[in-house]
Amino acid sequence: MTQDNQDLTKGPLARKILFFSAPLIVSNLLQVLFNVADIAVVGRFAGASALGSVGSTTILVTMFTSFLIGVSGGINVLTALYLGSGDRKGVRETVHSALLFSVLTGLVLLLIGAVFSKGILQLLNTKPELIDGAVLYIRIYFLGMPALAVYNFGNAVFSAAGDTKRPLKYLSMAGVVNIILNLFFVIVCHMGVAGVAVSSIISQYLSAFLVAAALFRTKDIYGLKRSELRLNRSKTVNIIRIGIPAGFQNAIFQIANLFVQAGVNSFDATMVAGNAAAANADALVYDVMAAFYTACGSFMGQNFGAGNRKRVRNSYLISLAYSFGIGMIMGIGLVVLGQQFLSLFSTDADVIEAGMIRLSIMGVCYGFSAFMDCTIMASRALGKSMIPMIIVILGSCVFRVVWIYTVFAYFHTILSLYSLYIFSWGITAIAEIIYFVHIYKKRMC
């Protein structure tokens, strides 16, 4: 392997997982900060209407990008599996099939966004005065879906090989370009919503080009060659079998969140605003924790391919410990520094007080989501994705909807609403761990 790559089947696990995850943490945080910059630019220089139009698309954008992230997770564990087993043919067939499959998936999402975006936004009860701007933004933004799919593919392949630095470098470069273009298109060209969308897709295609070019240049086993670009039937089926359920799982989460938001909307405007401000912490915490889930998939995949039973188990346990720990540290930090954090989004004392209710509950709960999410990734690393998807849909999606119409409907307090998170994570984690232990014993025999 080259200097940037790592053999994940050897060396001290705790140290390697930590150093492997560090660039991923920075990368995930940068994505959050770049998105915040987009919102800040359009809100400050294009007006409240433009800000509302872009904000109205958040759930839809998150739904589709989360789907692509889930698909790339399947690519990651399959590539790691073949790398760990030393199957050169399997690696090459997987990465070349995965690239084409990712492009096709991005094109399908582009078409869905172009054709059905207005209808979907209307179903989401987007305000009439914002609908035109929201549709314009989403249709332009979705032109970047193929590029987003390619970047996630490249990130998955490099991570499977133990190289998390190059994707971070490419994302950083594209992010800086995105901010500069945001300012140029919105302030200088007065393009408003369209300007933010155009700058986003340009930066997405730049990151996709950089990561794809790097894969075509590399001489490593996972490098791309034009002559080998074809869809291998068995490898494509494997990508679909693991990646598509993961993608649907991520997307369905956003549908469940609509019901949670409806519950929040049943309170006064101050509570709604406080919830919106405090919810900005979710992406920060979840994305940092997600770096260790990626590490879990990559380390388990390589070691499963190498037949190292003990190292497979320990990769899961160490990744789980790291993700739980960082989730608790960040969560408690948000409780302690909640006033300062919320003041970034509002100067209204009542809104900050309302936001502190959410932070005080969620802050001590974030870490426990690791027992669910890290275990799901561990099952995928062992080649199982469908059953974990069904479990998480029932436990963290259906359960939340039932909770809202029963427990929350009975008590109708903000505490009873926010409590659904820890209860849904808990029951889902128990079921996921039971399934993982069963699959682990079966696979390791």
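Me: What radius of gyration does the chain have, and what would a compact globule with 445 residues have?
Reply: The model is a predicted one. For 445 residues, a compact globule would have a radius of gyration near 22 Å. The value for the chain agrees with this, being 21 Å.

Me: How many helices and how many strands does the chain have, and what does its C-alpha trace span along the principal axes?
Reply: The chain has 17 helices and zero strands. Along the principal axes, its C-alpha trace spans about 60 × 50 × 35 Å.

Me: Which percentage of the contacts with a separation of 6 or more comes from residues 24 or more positions apart?
Reply: Of the 445 residues, 56% count as buried. Among contacts in the chain with a separation of 6 or more, the share from residues 24 or more positions apart is 83%.

Me: How far apart are the mean positions of the positive and negative charges of the chain?
Reply: The accessible surface comes to about 18800 Å², and carbon and sulfur atoms hold 68% of that area. The chain carries 32 positive and 18 negative charges. The distance between their mean positions is 15 Å.

Me: Is Cys374 buried or exposed, and which cysteine has the sulfur nearest to that of Cys374?
Reply: A search of the whole structure finds zero disulfides. Cys374 is in none, since a disulfide requires sulfur atoms within 2.5 Å and the nearest cysteine sulfur is 4.0 Å away. With a relative accessible area of 0%, Cys374 is buried. The nearest cysteine sulfur is that of Cys296.

Note on methods: Residues are numbered from 1 along each chain as its sequence is written. This is a predicted model: local features need pLDDT of at least 70, side-chain atom pairs count only at pLDDT 80 or more; totals for chains, interfaces and linings use all residues. Side-chain values use heavy atoms; hydrogens and water are left out. Helices (H or I, at least four residues) and strands (E, at least two) are DSSP runs, numbered from the N terminus. The radius of gyration is taken over C-alpha atoms; the globule rule is 2.2 Å times the number of residues to the power 0.38. Buried means under 20% relative accessible area, exposed over 50%, partly exposed in between (1.4 Å probe, protein chains only). Contact means heavy atoms within 4.5 Å. Accessible areas come from the Shrake-Rupley method with a 1.4 Å probe; for residues, only the protein chains shown count as cover. Lys and Arg count as positive and Asp and Glu as negative; His and the chain ends are not counted. The place of a charge is taken as NZ of Lys, CZ of Arg, CG of Asp or CD of Glu.
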